[in-house]
Amino acid sequence: MATIQGTKDVLENNKEWAAQVQAKNPDYFANLAKGQSPKLLWIGCADSRVAVDVLTQTQPGDIFVHRNIANRIPSEDLSALSVIEYAVKHLKVEHVVVAGHTGCGGVKAAMSNGSVGILDHWLRPIKDIYQANQSEIDALPESERVDRLSELNVIQGVDTVSRLPVVHEAWKEGRSANLTTQKRLASSILKCGKRKVWIDPNEVSEISQANSRQDIRKLVKSGLIFKKPQVSHSRFRTRELAAAKRLGRHTGYGKRKGTAEARMPSSVLWMRRMRVLRNMLRKYREQGKIDRHMYHELYVKSKGNTFKNKRVLMEHIHKAKAENARIKALSDQAEAHRLRNKAARERRAQRIASKREALISGEQQ
């Protein structure tokens, strides 16, 4: 990347970049001109070392950006408030990111005792944050103090954004903050589902900071979170209809222009189902998967409404074949056992006969 020497270099680089993009994608600038629909608003520091598109590896039109000195979000700054209102209300961004960075020059100036001119008024709130947390910050090593104050400044900015009316309106419309953890903890404490947990939309900023069961219990006790009441099912319309039917109303054809069997007769559905099951049985018999005895048995069972669909019939066939194979294996084992016993009995009879003949011949001698 070439070093910029002046405005002429900026213009030349812009022309070169535009030519390269146009060569790669001729419709690039035409698509950008149609409008923007970013999903994220980035509120960051104006430091030249913090380039949003480079840090996030995004393209033009992906992020709506607002930058100022030390990424401050004062409640009296019309510029920042206008950007937030336009992004949330009109662009319908889903997320607002307040981004600080390490080694921020504005934060360093706020920590120093020297004057930086008109910026003293702008950095006054950061000085107040430093004075409120001076004991904590001064206890850190000198190299970490600026970064810690930057973190506290970001926390203050997030709190300011969460209290803006336009953000609360977006939350009420259903574009809520990510409160999945809070809902999960609340559902466990209240012993109900996450859909039964009600969260006060006006206190989302406070609720979003609760990240433990103890914090959720405090919010439940204060009434910011509670279990939605059980919705009872009304029988009023059903009773009204039944009373009208007793008087003879609502007994005609109505809009269907026919009886209950006019549109799709149950006999047609029955024949279609039987046709599918019988075709399947015939195909299995022809392929040798089932014999004629099982075919006849399943044919009768299909006619008796035993099988709801092909899948149930197929599972029954597999189970029946497995059962038949198991019975055949057991019968074969029993037959083999009988044959072994029969052979043993024959051998024993032969031995006894031979012994008897030997005894008789010995006595005769």
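**Entry 1. Salt bridges**

I looked up the pair Glu-136 and Arg-148 and found their side chains joined in a salt bridge at 2.8 Å, N to O; the term requires a side-chain nitrogen of Lys or Arg within 4 Å of a carboxyl oxygen of Asp or Glu. Glu-136 belongs to helix H8 (residues 134–138) and Arg-148 to helix H9 (residues 142–162), so the pair ties together parts that are twelve residues apart in sequence. I take helices (H or I, at least four residues) and strands (E, at least two) as DSSP runs, numbered from the N terminus.

I note that the model is predicted: local features need pLDDT of at least 70, side-chain atom pairs count only at pLDDT 80 or more, and totals for chains, interfaces and linings use all residues. Residues are numbered from 1 along each chain as its sequence is written, and side-chain values use heavy atoms, with hydrogens and water left out.

Glu-136 is partly exposed at a relative accessible area of 34%, and Arg-148 is partly exposed at 22%. Here buried means under 20% relative accessible area, exposed over 50%, and partly exposed in between (1.4 Å probe, protein chains only). I also recorded a network of salt bridges that links Glu-136, Arg-148 and Glu-151. My search of the whole structure returned twelve salt bridges.

I then examined two pairs within helices. Glu-297 and Lys-301 form a salt bridge with the closest N and O atoms 3.4 Å apart; both lie in helix H16 (residues 292–303), four residues apart, about one turn of the helix. Asp-332 and Lys-328 form a salt bridge at 3.2 Å between the closest N and O atoms, and they are four residues apart in helix H17 (residues 310–364), about one helical turn. Asp-332 is partly exposed at 41%, whereas Lys-328 is exposed at 52%.

**Entry 2. Surface patches**

I found a patch of positive charge on the surface, with Lys-183, Arg-184, Lys-191 and Arg-213 among its residues. Helix H11 (180–190) and helix H13 (213–222) each give two or more residues to this patch. Lys-191 sits in the loop between H11 and strand E4 (197–199) and is exposed, with 70% relative accessibility.

A nonpolar surface patch of about 340 Å² consists of Ile-69, Val-116, Ile-118 and Leu-119. Patch residues have over 30% relative accessible area and no salt bridge; like charges are joined within 9 Å, nonpolar side chains (Val, Leu, Ile, Met, Phe, Trp, Tyr) within 5 Å. Leu-119 is in helix H6 (residues 119–122) and is partly exposed at 31% relative accessibility.

**Entry 3. Backbone**

I checked residues with positive phi. Asn-71, not a glycine, has a positive phi of about 40 degrees; this residue is in the loop between strand E2 (63–68) and helix H4 (78–90) and is buried, at 3% relative accessibility. Asn-71 and Asp-47 are 24 residues apart in sequence, and their C-alpha atoms are 9.4 Å apart. Lys-92, also a residue other than glycine, has a positive phi near 60 degrees. Lys-92 is placed in the loop between H4 and strand E3 (95–98) and is partly exposed at 44%.

**Entry 4. Overall form**

I counted 17 helices and five strands. The C-alpha trace spans about 145 × 90 × 60 Å along its principal axes. Of the 365 residues, 25% count as buried.

Terms used: Areas by Shrake-Rupley, 256 points an atom, 1.4 Å probe, with all protein chains shown as cover. Lys, Arg positive; Asp, Glu negative; His and termini not counted. Charge placed at Lys NZ, Arg CZ, Asp CG, Glu CD.
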